[in-house]
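I opened the model to look up its aromatic pairs, its nonpolar core and a few surface features. My entries follow the coordinates.

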Amino acid sequence: MSLQSMTGFARSVAESDGTSIAWEVKSVNGKSVEVRLRLPQGFDRLETAVRQTVQKRFARGNFQATLTVGRAAARQIQPVVNEAFLKDLAGLAKRLQEQFGTEPATADGLLSLRGVLDIPEAVETEEERAALDAAILSALEAALAGLEQARLGEGAALGALLAGHIDAIEALTLKAEADPSREPAAIRERIAEQVRLLMDAAANLDAVRLHQEAAFLATKADIREEIDRLKTHVASARALLKSGGAVGRKLDFLAQEFNRESNTLCSKSNAAAVTAIGLELKAVVDQFREQVQNLE
């Protein structure tokens, strides 16, 4: 399976028995599938079917779908004019003008009076409605297919970017592991120097107890476990990117783990070089996590 971004846009148009159909769909980041619909009056009956269609195709994202339906002129309902009533009103208006000097009546004014112009409701058979609904849902499938392709295209770019971040995390982890300050001889020398300074400052200190505390601190400052966990997380992240599909949540969890290990590495470090590596690692992890938020 391929990776998908959660952002994209697509449009599809179709025609059914003289009726034009147009869908516009777009998606942005979201924790789950949320669908907002804009349907013309009278098409609310399709809401459940539309939501289910979106939810079956996608795992995450906030979606907005807008439907436009246009009736062909031949299918539009023709207005009906009550000509006898209109004639009576026109005659009345003319008499009022002659007797009282009122303004002459206008066509739009007369047609706006109640009872003069009537627009009957359209009569649609069950078969016609079912055929139109099927065409609308078919056009929706086409729009969602286009949206999926847009999300896949951006997902591929995101995958390459995330892979680069993972490579950088691995490189920094190996750099911290190989730093000369982590060599046993360097650690012994650094701790021995600290012990000498303390002994010179206070001659009554217990030398045995001091060396025990120094050994404890040396063990506590060891970052072996953090490096091993970082390596494990790197392998897991690469496996998720390779598997594809809706792995955004899992990668977000790994980003939190990367951040936790880099924080611990910085706090346990007793060498400026390793601290600098840890800070650089934190910056890369932040970039990784930011991009993961866009992934399905």
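These entries go from conventions to aromatic pairs, core, helix and surface.

**Conventions.** I am working with a predicted model, in which local features need pLDDT of at least 70 and side-chain atom pairs count only at pLDDT 80 or more, while totals for chains, interfaces and linings use all residues. Residues are numbered from 1 along each chain as its sequence is written, and side-chain values use heavy atoms, with hydrogens and water left out.

**Aromatic pairs.** I took rings of Phe, Tyr and Trp (its six-membered ring) as paired if their centres lie within 6.5 Å, with planes under 30 degrees apart called stacked, over 60 edge-to-face and the rest tilted. By this rule I count 2 aromatic pairs. Phe 58 and Phe 63 are tilted, because their planes stand at 35°, with ring centres 5.0 Å apart. I call a residue buried under 20% relative accessible area, exposed over 50% and partly exposed in between (1.4 Å probe, protein chains only). Phe 58 is buried at 4%, and Phe 63 is buried at 4% too.

Phe 258 and Phe 288 make an edge-to-face pair, 5.8 Å centre to centre with 85° between the planes. Phe 258 sits in helix α8 (residues 248–268) and Phe 288 in helix α9 (residues 272–292), so this pair ties together parts 30 residues apart in sequence. I took helices (H or I, at least four residues) and strands (E, at least two) as DSSP runs, numbered from the N terminus. Phe 288 has 0% relative accessibility and counts as buried.

**Core.** Which residues touch the most other members of the largest nonpolar core? I find Leu 162, Ile 169, Leu 251, Phe 258, Phe 288 and Leu 295, out of 29 residues. A core here is a set of buried Ala, Val, Leu, Ile, Met, Phe, Trp, Tyr and Cys residues joined through side-chain atoms within 4.5 Å. Helices α4 (126–178), α7 (224–243), α8 and α9 each supply at least two residues of this core. The largest share, 7 residues, is from α9. I also checked Phe 288 against Gly 164: their C-alpha atoms are separated by 9.1 Å, at 124 residues apart along the chain.

**Helix α2.** Its 18 residues (83–100) reach 25 Å from first C-alpha to last, close to the 26 Å expected at 1.5 Å a residue; the expected span is 1.5 Å times one less than the number of residues. Gly 101 follows α2, with a positive phi near 75°.

**Surface.** Val 81 is in strand β5 (residues 80–81). I note Val 81 as partly exposed, because its relative accessibility is 34%.
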